[in-house]
Amino acid sequence: MEPSNYGTYLVTQQSISEGRSTIDVVRAAIDGGVDVVQLREKETEARFRYDLGLELREQTAEAGVDLIVNDRVDIAQAIDADGVHVGQSDLPVTVARELLGPDAVVGCSTSTVEEALEAEAAGADYLGIGAVYGTSSKDVAAEEDGVGPERIAAIAEAVSIPVVGIGGITAKNAGPVVEAGAVGVAVISEITAADDPQAATAALAETVETAKGVANGSTPDE
């Protein structure tokens, strides 16, 4: 799947999954219409992520959903993931590309126009922009927390690759992010901690599609 189709993007974190396994959450998200899954699980050991990644690879491949690995290029290679997502303190985009090859998807987290332009020039396929509304799922510097849809718009206008918003996004506030120019939204808590992850995914996907229609000049009834 092309990153331009990453409308609904799940980032995994079993520690907030209300006792459910990541496998179960991802299965529900797939049933709800998720487009891409990122194996994150940052607080776990590499072996756990590798074993989980093998299961997720089978699960997502069968469903036609892309599987991206957060940070760990070696795990992405080992489980034959579709690609990797790196942050500003991880391996450079150029190194990830060199290791994974031209066909892999390489995403990069950015929070400023300058970072976005650098990531695009380095060969990133898409950008994760945030934290849009602020986040409690990971430590983020104050100047990178709550950048708002305005930053999404500025970055989307500056680059030619797809951008995805992340950070504090829910089905209720995802619309302005997409209307500002993001192709989609990435979430952790909104799906993982939901009472019904499948329904939460479906609601998020519906919001994204409606917002795309608004951004393209149509109305929900058209």
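Asp90 lies in the loop between strand S4 (83-86) and helix H4 (93-100) of this predicted model. Leaving aside neighbours within four places in sequence, Asp90 is in contact with Lys42 and Asp71. A polar atom of the Asp90 side chain is 2.7 Å from the backbone nitrogen of Gly87.

The unreviewed UniProt entry lists Asp71 and Asp90 under "binding site". The two positions are spread over 20 residues of sequence but cluster in space, with a largest C-alpha distance of 6.2 Å. Asp71 is placed in the loop between S3 and H3. Beyond four places in sequence, Asp71 touches Lys42, Val84, His85, Val86 and Asp90.

**Backbone geometry**

Most residues other than glycine have a negative phi, and most peptide bonds are trans. Against that background, several positions in this model deserve a listing.

| Position | Backbone value |
|---|---|
| Glu41 | phi near 45° |
| Gly64 | phi near 75° |
| Asp71 | phi near 75° |
| Gly130 to Ala131 | omega near 5° |

Glu41 has a positive phi although it is a residue other than glycine, and Asp71 is likewise a residue other than glycine with a positive value. Glu41 is found in the loop between S2 and H2. Is Glu41 buried or exposed? Glu41 counts as buried because its relative accessibility is 1%, under the 20% limit. Gly64, also with a positive phi, follows H2. The peptide bond from Gly130 to Ala131 is cis, and Ala131 is placed in the loop between strand S6 (126-129) and helix H6 (148-158).

**The barrel**

Eight strands close into a barrel with parallel pairing, in the order S1-S2-S3-S4-S5-S6-S7-S8. From one strand to the next, the twist averages 25°.

In a regular strand the side chains alternate between the two faces of the sheet. Strand S1 (residues 8-11) shows Thr8 and Leu10 pointing one way and Tyr9 and Val11 pointing the other, and all of them are buried. S1 pairs in the parallel sense with strand S8 (residues 184-187) over three bridges, and Leu10 stands opposite Val187 in S8. S1 also runs parallel to S2, to which three bridges join it; the bridge partner of Tyr9 in S2 is Val36.

Further along the order, S3 and S4 pair in the parallel sense over three bridges.

**Helices against the strands**

Helix H2 (residues 46-63) has 18 residues and reaches 25 Å from its first C-alpha to its last, close to the expected 26 Å. H2 lies across S2 and S3 and runs at about 170° to S2. H4 lies across S4 and strand S5 (105-110), running at about 165° to S5.

Which residues of H2 are buried? They are Arg49, Leu52, Gly53, Leu56, Arg57, Gln59 and Thr60. An α-helix has 3.6 residues a turn, so residues three or four places apart point the same way. The buried residues of H2 pack against helix H1 (22-32), strand S2 (36-39), strand S3 (66-70) and helix H3 (73-78).

Leu67 is found in strand S3. Leu67 counts as buried because its relative accessible area is 0%, under the 20% limit. Its contacts, leaving out residues up to four places away in sequence, include Gly53, Leu56, Arg57 and Thr60, which are among the buried residues of H2. Leu67 also touches Val37 and Leu39, together with Ile79, Ala81, Asp82 and Gly83. The C-alpha atoms of Leu67 and Pro162 are separated by 17 Å, and these residues are 95 apart along the chain.

Technical notes. Residues are numbered from 1 along each chain as its sequence is written. This is a predicted model: local features need pLDDT of at least 70, side-chain atom pairs count only at pLDDT 80 or more; totals for chains, interfaces and linings use all residues. Side-chain values use heavy atoms; hydrogens and water are left out. Helices (H or I, at least four residues) and strands (E, at least two) are DSSP runs, numbered from the N terminus. The expected span of a helix is 1.5 Å times one less than its number of residues. Buried means under 20% relative accessible area, exposed over 50%, partly exposed in between (1.4 Å probe, protein chains only). Contact means heavy atoms within 4.5 Å. UniProt positions are given in the numbering used here, feature names are shortened, and annotations may be inferred rather than shown by experiment. A polar contact is a pair of N or O atoms within 3.5 Å; within protein, one must be able to donate a hydrogen and the other to accept it, and residues adjacent in sequence count only if both atoms are side-chain atoms. Two strands pair if DSSP finds at least two bridges between them. Axes are lines fitted to C-alpha atoms, for helices over the stretch in contact, and angles run from 0 to 180 degrees between N-to-C directions.
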